[in-house]
Amino acid sequence: MSQTTTALVTGANKGIGYEIAAGLGALGWSIGVGARDDARREAAVEKLRAAGVDAFGVPLDVTDDTSVAAAVRLVEERAGGLDVLVNNAAVTGGMPQEPTTVDLAAVRTAVETNVIGVIRVTNAMLPLLRRSASPRIVNMSSGVGSLTRQTASTDELTTGPLSVAYAPSKTFLNAVTIQYAKELRDTNILINAACPGFVATDLNGFRGVRTPEQGAAIAIRLATLPDDGPTGGFFEDAGVVPW
Ligand SMILES: NC(=O)c1ccc[n+]([C@@H]2O[C@H](COP(=O)([O-])OP(=O)(O)OC[C@H]3O[C@@H](n4cnc5c(N)ncnc54)[C@H](OP(=O)(O)O)[C@@H]3O)[C@@H](O)[C@H]2O)c1
């Protein structure tokens with residue numbers, strides 16, 4: 001594997017994922033821009049390169065086995081391995097999603113992308129990550145997945161809107177993150193969940209109050225943890241997020 005640190009960010013063509021790619025790229029890292037749409041991916045790669053980032057496009061639909069397998073081959077050919085995986089891609093599944101009236105397709109879509117997609121990409125990339133001296137995995141979660149916050153607050157700024165698909169998919173992702181940390185505890189792989197805060201992006205119709213750059217900061221911190229850093233945790237800028 002080369003001396004250059006290589007990261008792959010899923011859903012990196014826009015929003016928080018783009019800013020994670022830009023932030024890690026600014027460290028001099030080589031950045032795989034994972035995105036499912038060719039035009040949006042190439043536009044993001046061009047923009048990152050214009051900003052001086054060593055970016056390369058990785059066609060990647062996290063819900064598709066064939067696409068993910070091809071992404072592994074591409075990253076291996078380009079970089080020989082992988083140091084950091086940021087599982088950022090996610091969807092709401094479509095709103096509204098009140099529990100009693102939800103279209104089940106919304107639940108399936110949210111879980112397929114936000115949970116199963118993360119497991120699919122992580123397991124496919126693990127052989128490459130295991131070759132790294134300091135592998136890191138960051139799962140982009142959300143504070144709305146915190147059961148503690150959901151049960152302690154009715155403030156939509158804390159809990160998000162009623163959602164039986166998106167918010168529980170992030171709770172599921174948090175639980176998945178803990179299970180990975182347990183299995184990988186005797187390796188050098190650190191895996192953590194991140195909450196970016198309420199960020200103005202397509203995901204929420206740009207109603208968020210933080211910038212994508214601000215939202216990216218916690219993922220960048222977890223992607224650059226020292227070897228004695230935490231694993232199996234859930235963090236935001238201010239510190240630990242309660243489960
Ligand atoms: N915005 C917030 O306030 C907020 C708060 C808490 C957590 N988060 C989390 O932060 C992460 C980034 O969200 P965001 O706000 O930046 O949303 P966004 O602007 O909607 O970006 C989501 C990204 O995920 C990609 N994506 C969706 N499904 C995909 C798939 N099947 N395969 C590959 N890529 C896929 C999208 O690609 P396309 O362009 O092709 O759709 C897009 O690049 C998500 O995990 C989200 O849950 C966001």
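Author: Let's start with one term: a polar contact is a pair of N or O atoms within 3.5 Å; within protein, one of them must be able to donate a hydrogen and the other to accept it, and residues adjacent in sequence count only if both atoms are side-chain atoms. The model above is predicted, with local features needing pLDDT of at least 70 and side-chain atom pairs counting only at pLDDT 80 or more, while totals for chains, interfaces and linings use all residues. Residues are numbered from 1 along each chain as its sequence is written, and side-chain values use heavy atoms, with hydrogens and water left out.

Reader: Okay, which backbone nitrogen does the side chain of Asp64 reach at 2.8 Å?

Author: First find Asp64, in the loop between strand E3 (54-59) and helix H3; helices (H or I, at least four residues) and strands (E, at least two) are DSSP runs, numbered from the N terminus. Its side chain has a polar atom 3.1 Å from the backbone nitrogen of Ser67. At 2.8 Å, the side chain of Asp64 reaches the backbone nitrogen of Thr66.

Reader: Is Asp64 buried, partly exposed or exposed?

Author: Buried means under 20% relative accessible area and exposed means over 50%, with partly exposed in between (1.4 Å probe, protein chains only). The relative accessible area of Asp64 is 31%, which makes this residue partly exposed.

Reader: On to H3 itself: where do its buried residues sit, seen down the axis?

Author: H3 runs over residues 65-79, and its buried residues are Ser67, Val68, Ala71, Val72, Val75 and Ala79. Seen down the axis, they fall within an arc of 145 degrees (the arc of the directions from the helix axis to the C-beta atoms), so they line one face of the helix.

Reader: And which residues are exposed on the other side of H3?

Author: The buried set of H3 includes Val68 and Val72. Look at the other side of H3 and you'll find three exposed residues: Asp65, Thr66 and Glu77.

Reader: How far apart are the end C-alpha atoms of H2?

Author: H2 covers residues 38-50, 13 residues in total. The expected span of a helix is 1.5 Å times one less than its number of residues, which gives 18 Å for H2. The model agrees, because the end C-alpha atoms are apart by 18 Å.

Reader: How wide an arc do the buried residues of H2 cover?

Author: The buried residues here are Arg41, Ala44, Val45 and Leu48. They sit on the same side of H2, because around the axis they cover an arc of only 100 degrees.

Reader: Which exposed residues does the face of H2 turned away from its buried side carry?

Author: Start from the buried side, where Ala44 and Val45 are among the residues. The face turned away from it carries Ala39, Glu46, Lys47 and Ala50.

Reader: Switching to the ligand, how many residues surround it?

Author: Here a residue is near a molecule if one of its heavy atoms lies within 4 Å of it. The closest are Asn13, Asn88, Tyr166, Val199 and Thr201. By class, the shell has twelve nonpolar residues (Ala, Val, Leu, Ile, Met, Phe, Trp, Tyr, Cys and Pro), six charged ones (Asp, Glu, Lys and Arg) and eleven polar ones (the others, Gly among them). The number of residues surrounding the ligand is 29.

Reader: How much of the ligand's accessible area does the protein cover?

Author: Ligand oxygen atoms come within 2.8 Å of an N or O atom in the side chain of Arg36, 3.5 Å of a polar backbone atom of Ala90 and 3.4 Å of a polar backbone atom of Gly197. On its own the ligand has 900 Å² of accessible area, by the Shrake-Rupley method with a 1.4 Å probe; for residues, only the protein chains shown count as cover. The share of the ligand's area that the protein covers is 95%.

Reader: Which residue has its backbone nitrogen reached by the side chain of Gln97?

Author: Gln97 lies in the loop between strand E4 (84-87) and helix H4 (104-129). With 0% relative accessibility, Gln97 counts as buried. At 3.0 Å, its side chain reaches the backbone nitrogen of Ala165.

Reader: Which residue does a cis peptide bond join to Pro96?

Author: Pro96 is in the loop between E4 and H4. Omega of the cis bond is about 0 degrees, and the residue joined to Pro96 is Met95.
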